[in-house]
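Please look through the structure shown here with the following walk-through at hand. The paragraphs below take it part by part.

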Amino acid sequence: MTYNIGFIGYQFMSEAHGNALNKLPMFFPDAPETKRHVIVGRTEDALEEAADRLGFEHTATDWREILDDIDILYNLTPNSVHPEPSIAALERDIPVLCEKPLAPTLEGAEAMAEAAAESDATAATAFNYRYIPAIQHARKLIEAGELGEIRQVRGHYLQDWLTDAEAPWSWRNDEELAGSGALGDLGAHTFDLTRYLVGDRVGEFDRVSGQLQTFVDERPVPGTDETRSVTVDDAYTAQVAFESGAVGTFEASRVTDGHKNDHSIAIYGSEGSLRFSLERLNELEVNLDGNRGFETVLATDPDDPYIGHWWPPGHVLGWEHTFVHENYEFLMAVDNGDDYHPDFQDGVAVQRILDAVERSAEDSEWVAV
Ligand code: SOE
């Protein structure tokens, strides 16, 4: 079967997923066949250009028009547009891959998770960082008990694209369109990665104490001489208590000047520890034999996940490869009817954490997730 793919959205994430679909036939020849059938957007000129560049046969300006013609929906829009099209597709048992976070609010994410639970179709939340070979190597070490009892998790996602007060306003700066700022856009990834790496050992996020801060409260609107208010956080920090008694500290920012895309996580156990940074995504630092400190492992061996599809050892991978792996696993799950994670239940679990951090920041106290 060749699956007709529909994208809603034609910007950054559409390029990442379009590139991934383009690479699958050559590097993952057992992947289900797909056709980039239709791409949806509001601005016709930009849409036509994107359709050409991303290899789509058709364009549309209303997502409601495409559901009869597609086999799989990719919802790659601003967060406020995630619920309605995703739920409509799932009600027709059309598989959905939706970018993260699931929705601007917990209510929206719960409606999406409910639709997924009632649907026979696969519903994926696009937490792509689970598909890094070094991260999957880390999970194997943790699952094998190499770190012993997990005690502490430290995670951060630091960028600096909004350090300049003149950096332009976008939907990611608006509470109605995004829900939150660095918290939902970046913190969501770290919360999911934590659930993926140590969820089986520390349980869920139990209680959080968080703070949100906005440093620049209005920004220029591109192509105009106007400014618009920033109604979401530039940065968040949070303390976390897990169900097991393990503890965590988390933060994300869009104004940490000098950090470009530094998604880092460190796990500390009774027998050892490990740490990872997206800016060195082929490497995992491990500290497993006593007090020698951290040693760097290059996760590019043939038996490291996905590496056999690419290049010889040491011919390193990049950010884009995480989307190729994610699309491969998603399409295989759709084709085989297998369980897929991270699904919408994983997505709503992260949304509960986002919501708790926001409530805690509002009330300046610890809150239950
Ligand atoms: C923000 O700049 C962003 O594009 C996030 O929205 C993505 O989820 C992350 O993978 C890269 O940074």
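In this predicted model, the cover over the buried residues of helix H5 includes strands E7 (150-158), E13 (262-269), E14 (273-277) and E15 (283-287), together with helices H7 (182-202) and H8 (319-336). The residues of H5 (133-143) that are buried are Pro-133, Ala-134, Ile-135, Gln-136, Ala-138, Leu-141 and Ile-142. Just after H5, Gly-145 has a positive phi of about 85°.

The loop between strand E6 (123-125) and H5 holds Arg-130, which pairs with Asp-346 of helix H9 (344-363) across 216 residues of the chain. Arg-130 is buried because its relative accessible area, 7%, falls under 20%. Asp-346 is buried as well, at 9% relative accessibility.

A further salt bridge, at 3.3 Å from N to O, joins Arg-172 and Asp-185. Arg-172 sits in the loop between E7 and helix H6 (175-178) and Asp-185 in helix H7, so this pair ties together parts that are 13 residues apart in sequence. Asp-185 counts as buried at 11% relative accessibility. Salt bridges with shared partners also build one network from Arg-130, Asp-192, Arg-195, Glu-204 and Asp-346. The side chains of Arg-280 and Glu-283 meet at 2.9 Å, N to O, in another salt bridge; here Arg-280 is exposed, with 53% relative accessibility. The structure holds 19 salt bridges.

On the surface, a patch of negative charge gathers Glu-91, Glu-107, Glu-110, Glu-114 and Glu-118. Helix H4 (106-118) gives the most to this patch, with four residues. Glu-110 has its place in H4 and is partly exposed, since its relative accessible area of 37% lies between 20% and 50%.

Two further residues can be followed through their contacts. Ile-5 belongs to strand E1 (2-8) and is buried, with a relative accessible area of 0%. Beyond its neighbours within four places in sequence, Ile-5 has contacts that include Leu-21, Val-38, Phe-56, Ile-70, Ile-72, Tyr-74 and Leu-331.

Val-216 is found in the loop between strands E8 (205-213) and E9 (218-220). Although in a loop, Val-216 counts as buried at 14% relative accessibility. Not counting residues up to four places away in sequence, Val-216 touches Ala-165, Val-230 and Asp-234. Its C-alpha atom is separated by 9.2 Å from that of Asp-233, 17 residues apart along the chain.

Key. Residues numbered from 1 in each chain as written. Predicted model: local features only at pLDDT ≥ 70, side-chain atom pairs only at ≥ 80, totals over all residues. Heavy atoms only, no water. Patch = residues over 30% accessible without salt bridge, like charges linked within 9 Å, V, L, I, M, F, W, Y side chains within 5 Å. Areas by Shrake-Rupley, 256 points an atom, 1.4 Å probe, with all protein chains shown as cover. Salt bridge = Lys/Arg side-chain N within 4 Å of Asp/Glu carboxyl O. Lys, Arg positive; Asp, Glu negative; His and termini not counted. Charge placed at Lys NZ, Arg CZ, Asp CG, Glu CD. Helix = DSSP H or I, 4+ residues; strand = E, 2+ residues; numbered from the N terminus. Buried < 20%, exposed > 50% of the residue type's maximum accessible area, 1.4 Å probe, protein only. Contact = heavy atoms within 4.5 Å.
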